Structures are given as C-alpha cells and as structure tokens.
Amino acid sequence: MNKHLAAPLLQVRALHAFYGRAQVLFDLNLEVQRGEVVALLGRNGAGKSTTMKAIMGLLAGSQGQIIFRDQDIGRLKAHQIARLGMAYVPEDRRIFTELSVVQNLDLGRQPVRVDAVHWTPEKLFALFPTLGDMPRRPGGQMSGGEQQMLTVARSLMGNPYLILLDEPSEGVAPVIVEQMAEMILQLKRAGMAVLLSEQNLHFAALVSDRACVIESGHLRYQGSMQQLLNEPAVQQAYLAL
Ligand SMILES: Nc1ncnc2c1ncn2[C@@H]1O[C@H](COP(=O)(O)OP(=O)(O)O)[C@@H](O)[C@H]1O
Ligand SMILES: [Mg+2]
C-alpha cells in the first residue's frame, strides 16, 4: 500500500500542554485513522478542549509532536492548519448573527482538495435538513442547536479531511442531537475522519469506532468503543454516567 495512505491521518505523540505555568495535559498519545470516528471522553475539566486546541495550534507553549497527513504541524498557526484540511468546531459555537444561513456557509468556503469530500450548501442541507428549511434565516434568529449545526456545516464548507468537534451534543435539544449523530455517521460514510470530544458516553457510543478516555490530563484508557462499553469499571472511574 502507498505509505501515505497507510499512516494515520492524525498522530499526537507525547503532548504536554500548559496554561501559563500550570500543566493540564501530560504525555498524551492518540491517533485518528482515515475514515475513523474517535471519541475523546472525560469528565468536565479532564482536558478535552485543551487537547483539541493544542492539536489545532491554538495553544502557545505546548510540547510534543502533532503529525497530520505526514506533516509535522506542531509549530503551525491555526489558520495554516485549517488550510491543510483540518477543521475545528469549538464549544462556544460562533456564527455571524447578522448573516443568513447561506451567507454563513459561503464564509466557510475553501478550495476543493484532492481525496477530500467536496461540500456544497446543497449537500449540507441534505445532511442538516433543519438548515435546509431556513436558508435565508439570520443566524441570530436560530436556536442554540441550530446555530451549532450551522457552525459544523460552515466548517465542512472548508472540505476538511478531519473535523474536530468539541462536545457537539452539549446543551442542544434532543432533535438536534439526533441530527448530529446522523450527521457524524454520514461524514464517516463519506470517508471523513472525526475527533469528537464528549462527556456523554451514550452519544459517543452511537457514532464512534474508538474511544480515548482522559482524566486530569492523562490518557487513562484507549480501545474500541465496543470494548469500552464492556468496561463498567473504566466508565465508573473516569466518566460521568
Ligand atoms: N484558559 C484557561 N486558563 C487556565 N486554565 C484553564 C483554561 N482553560 C481550561 N483550563 C483548565 O484546564 C483543565 C482542562 O480544561 P478543559 O480542557 O477545558 O477540559 P474539558 O474540555 O475536558 O472540560 C481544567 O482544569 C481547566 O480548569
Ligand atoms: Mg471542554
């Protein structure tokens, strides 16, 4: 097999991260393969968002190696990493409230990439029917969950290989959670990779192939989602159930 295709899409090696002098991530190792959905699980404050920020180049002073598509991105800035085909949807979803759904999507447009899905507003409306019902609605007049979907959809307009989703199910209505789960499964079917941060094991279990469990900034467990579901002790120790 072509070496490029055999290597993991994302490889995080010995990641240490800090806020000022306080260390919050310790020697974290994780991988995401092409076409794989990986859940980064842990309780509130475990270090999930910090891990995503560090991968995305948003954290000064983190140490370790981050390799994306065979390129060391550890020293790159967030906008450079985005241009390489990694998308990040933070917890505090940000849309342009004055702009319509379609205008928000247009702002996410990036060039088409070799080997990546080419997203258009039409394809995204099939993925997110709720957004398709309100193409002209200003962002400011949408519910929190609808705004969350729009943030994800806008990130997909960049045609990423990998999307980092920070707690997409948190604080949104059940109908949106359902669409989020279906959306993630469809991204996977389209061949995309997803790194998903979650406190909610039930949601993560619906969509994820593998799980990495962190606690206090340390990786405590790694295995298939099926294995984790058979490990009540691990769930009890490190997850809010
Ligand atoms: N901007 C910040 N400055 C200082 N400490 C922070 C900051 N953001 C998060 N932390 C701390 O880092 C640790 C990990 O936080 P975070 O990555 O947000 O956890 P999670 O996303 O799993 O809830 C927590 O102890 C949190 O209090
Ligand atoms: Mg968080």
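Why does Q11 count as buried? The relative accessibility of Q11 is 16%, and therefore Q11 counts as buried, a word that applies under 20% relative accessible area, with exposed used over 50% and partly exposed in between (1.4 Å probe, protein chains only).

## About the model

This is a predicted model, in which local features need pLDDT of at least 70 and side-chain atom pairs count only at pLDDT 80 or more, while totals for chains, interfaces and linings use all residues. Residues are numbered from 1 along each chain as its sequence is written, chains are lettered from A and ligands numbered from 1 in the order in which they are written, and side-chain values use heavy atoms, with hydrogens and water left out.

## The surroundings of Q11

Q11 belongs to strand β1, residues 10-19; strands (E, at least two residues) and helices (H or I, at least four) are DSSP runs, numbered from the N terminus. Beyond its neighbours within four places in sequence, Q11 is in contact with L30, E31, Q65, I66 and I67, where contact means heavy atoms within 4.5 Å.

The side chain of Q11 also makes a polar contact, at 3.3 Å, with the side chain of R13. A polar contact is a pair of N or O atoms within 3.5 Å; within protein, one must be able to donate a hydrogen and the other to accept it, and residues adjacent in sequence count only if both atoms are side-chain atoms.

## How the strands pair

Strand β1 pairs with strand β2 (residues 22-32) in the antiparallel sense over 7 bridges, and pairing requires that DSSP finds at least two bridges between two strands. Within this pair, Y19 has A22 in β2 as its bridge partner, and in the hairpin of β1 and β2, with 2 residues between the strands, G20 takes a positive phi near 60 degrees.

Strand β1 also pairs with strand β4 (residues 63-68), again in the antiparallel sense, over 5 bridges, and here V12 stands opposite I66. Strand β4 in turn pairs antiparallel with strand β5 (residues 71-72) over 2 bridges, with F68 opposite Q71, and in their hairpin R69 takes a positive phi near 50 degrees.

## Around ligand 1

The residues surrounding ligand 1 (a heavy atom within 4 Å) are Y19, V24, R43, N44, G45, A46, G47, K48, S49 and T50. Helix α2 (residues 48-55) gives the largest share of this shell, 3 residues.

An oxygen atom of ligand 1 lies 2.9 Å from a backbone N or O atom of G47, and a polar side-chain atom of K48 is 2.8 Å from an oxygen atom of the ligand.
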